[in-house]
Amino acid sequence: MSTTAIVGTQWGDEGKGRFCDLLAEESDLVVRFQGGNNAGHTVVVGDEVFKFHLIPSGILRPGTTCLLADGTVIDPRVLCSEVEELEARGIDTAGLKVSGSAHVIMPYHTVMDRMEERAKGEYAIGTTTRGIGPAYADKAARIGIRVWDLIDRDRLARQLALALPRVNVLLEHLYETETFTVDDIIGQLEPCVKIIKPMVADGRALVMDAVANDAEVLFEGAQGTFIDLDHGTYPFVTSSHPIAGAATLGTGLGPLDLDAVLGIAKAYTTRVGAGPFPSEAFDEDGDRMREAGAEFGTTTGRPRRCGWFDSCMVRTAVRINSASSLALTKLDVLDGIETIRVVTAYELDGELIDYVPSDPEAFARCVPVYEDFPGWMEPLEEARELDDLPEEALNYIEAVSTLVEAPISAISVGPEREQTVWVEESDEE
Ligand code: IMP
């Protein structure tokens with residue numbers, strides 16, 4: 001039995017959802033440990049497409065317990081509508097648990113998110129406007145509302161009375177918009193509280209028990225390494241830690257409790273929102289990736305910026321996350337491209353480097369150095385084993401693995417569950 005974390009090694013949208021779904025089949029417990037409904041995990045099951053923003057994709061596997069752990073931020077209204085939607089589609093949500101220690105995205109957080117973005121003008125981050133940043137800011141300022149408070153009317157009223165004066169001053173005087181009252185908020189959230197209350201658990205105890213009992217535990221990361229609050233391209237980042245370390249931090253386990261980390265890397269690179277992106281392709285290749293890869297945000301519908309695979313980024317992410325192996329996703333999107341480019345180094349102020357500099361302004365000055373690979377002219381969608389892939393695709397996969405210094409354990413060639421090529425571990429060391 002083991003614990004595995006799945007994390008994004010780029011800017012998010014790497015296709016984590018499908019691997020979470022695949023690994024969830026063998027899991028007793030699937031845990032989201034950071035972020036909130038800014039995520040968008042798409043899982044395709046036959047003719048059905050499920051888009052998850054908050055609930056772990058493990059909910060599709062009957063009998064699996066799914067937990068929104070301490071490190072997440074939860075918008076009660078979104079949680080209830082996702083539960084309702086899943087139930088309406090015949091998915092049993094009885095296994096869903098919510099940690100009492102998770103923080104709550106309050107109605108005023110989403111308003112603040114929109115207002116803060118507007119006020120930043122040309123320096124806007126391009127957030128999902130779901131209230132993620134303001135909710136984490138209140139958590140750090142120790143005026144956040146936790147799920148424990150949400151489900152107890154007196155506690156909620158007390159905490160809101162502490163938080164609202166500050167919030168209302170900003171809303172009224174800085175953003176010149178409507179303010180909130182304790183009663184309004186309690187009234188608004190009441191129907192959701194009824195639905196959520198039975199799901200609330202001591203998340204830390206639940207995860208610790210599972211590990212102590214040798215259960216199979218899967219940690220479902222959302223977003224990606226380079227929008228990590230500390231290790232991403234600050235300030236163009238999210239307000240949580242979408243890296244493997246947070247799988248322990250956000251749940252209450254210790255750092256040695258993780259047995260494996262599966263990094264997810266798309267066979268090219270995408271980014272939503274603003275910020276540096278050295279390998280961005282502004283030409284027809286970029287457009288082709290966007291169209292063939294349906295690169296439009298699951299949460300916001302925004303077109304994603306597209307570019308070539310950047311091995312400096314993914315190698316840096318492999319180290320940040322101690323990734324034991326990588327899954328390379330959406331390889332089929334590169335079908336029919338004659339020359340496939342890969343970033344192998346950056347030229348920064350006249351010097352060659354092979355990692356992502358932690359100063360984002362230095363990163364923005366990085367000029368990518370490319371190596372070109374011949375593409376494959378046939379569709380990959382039917383491949384199920386390595387032997388089914390053309391030589392050019394195999395060469396590309398091998399080059400990527402060497403450059404990022406991690407074995408590739410799986411490759412996806414289409415959105416369906418079975419469009420996955422699992423790579424057997426080689427016995428040679
Ligand atoms: P926030 O997480 O809504 O505060 O947005 C901060 C930045 O993270 C913005 O650039 C968003 O586009 C980006 N972001 C947030 N969630 C995701 C995700 O799941 N995938 C990709 N980008 C994301």
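**View 1. Glu176, an exposed residue in a loop.** Glu176 is exposed, with a relative accessible area of 69%, where exposed means over 50%, buried means under 20% and partly exposed lies in between, using a 1.4 Å probe and protein chains only. Glu176 belongs to the loop between α6 (153-174) and α7, and although Glu176 is not a glycine, its phi is positive, at about 50°. Most residues other than glycine have a negative phi, and most peptide bonds are trans. The model shown here is predicted, and for this reason local features need pLDDT of at least 70 and side-chain atom pairs count only at pLDDT 80 or more, while totals for chains, interfaces and linings use all residues. Residues are numbered from 1 along each chain as its sequence is written, and side-chain values use heavy atoms, with hydrogens and water left out.

**View 2. Backbone details at Glu405 and Pro235.** Glu405, in the loop between α13 (391-404) and β19, is not a glycine, yet it has a positive phi of about 60°. The peptide bond that leads from Tyr234 to Pro235 is cis, with omega near 5°, and Pro235 lies in the loop between β10 (217-220) and α9 (245-249).

View 3. Strand β5 (residues 65-68) pairs with strand β7 (residues 96-99) in the parallel sense over 3 bridges, and Leu67 has Lys97 in β7 as its bridge partner. Strand β7 is also joined by 2 bridges to strand β9 (residues 200-201), again running parallel, with Ser99 opposite Ala201 in β9. Strand β19 (residues 408-412) pairs with β20 in the antiparallel sense over 3 bridges, and the bridge partner of Ile411 in β20 is Val421.

**View 4. The crossing of helices α3 and α4.** Helix α3 (residues 107-120) packs against helix α4 (residues 132-141) at an angle of about 115°, with the axes 7 Å apart; axes are lines fitted to C-alpha atoms, for helices over the stretch in contact, and angles run from 0 to 180 degrees between N-to-C directions. That angle makes α3 roughly perpendicular to α4, given that 65 to 115 degrees counts as roughly perpendicular, under 35 as roughly parallel, over 145 as roughly antiparallel and the rest as oblique. The contact, meaning heavy atoms within 4.5 Å, involves Tyr108, His109, Met112, Asp113 and Glu116 of α3 together with Ile132, Pro134, Ala135 and Asp138 of α4.

**View 5. The crossing of helices α2 and α7.** The axes of helix α2 (residues 76-88) and helix α7 (residues 182-196) come within 9 Å and cross at roughly 55°, and the two helices are therefore oblique to each other. From α2 the contact includes Pro76 and Leu79, and from α7 it includes Leu189 and Ile195.

**View 6. The buried residue His103.** His103 is found in strand β8 (residues 103-104) and counts as buried at 9% relative accessibility. Leaving aside residues up to four places away in sequence, His103 touches several residues, among them Asp70, Thr72, Lys139 and Arg146.

Methods. Pairing = 2+ DSSP bridges. Helix = DSSP H or I, 4+ residues; strand = E, 2+ residues; numbered from the N terminus.
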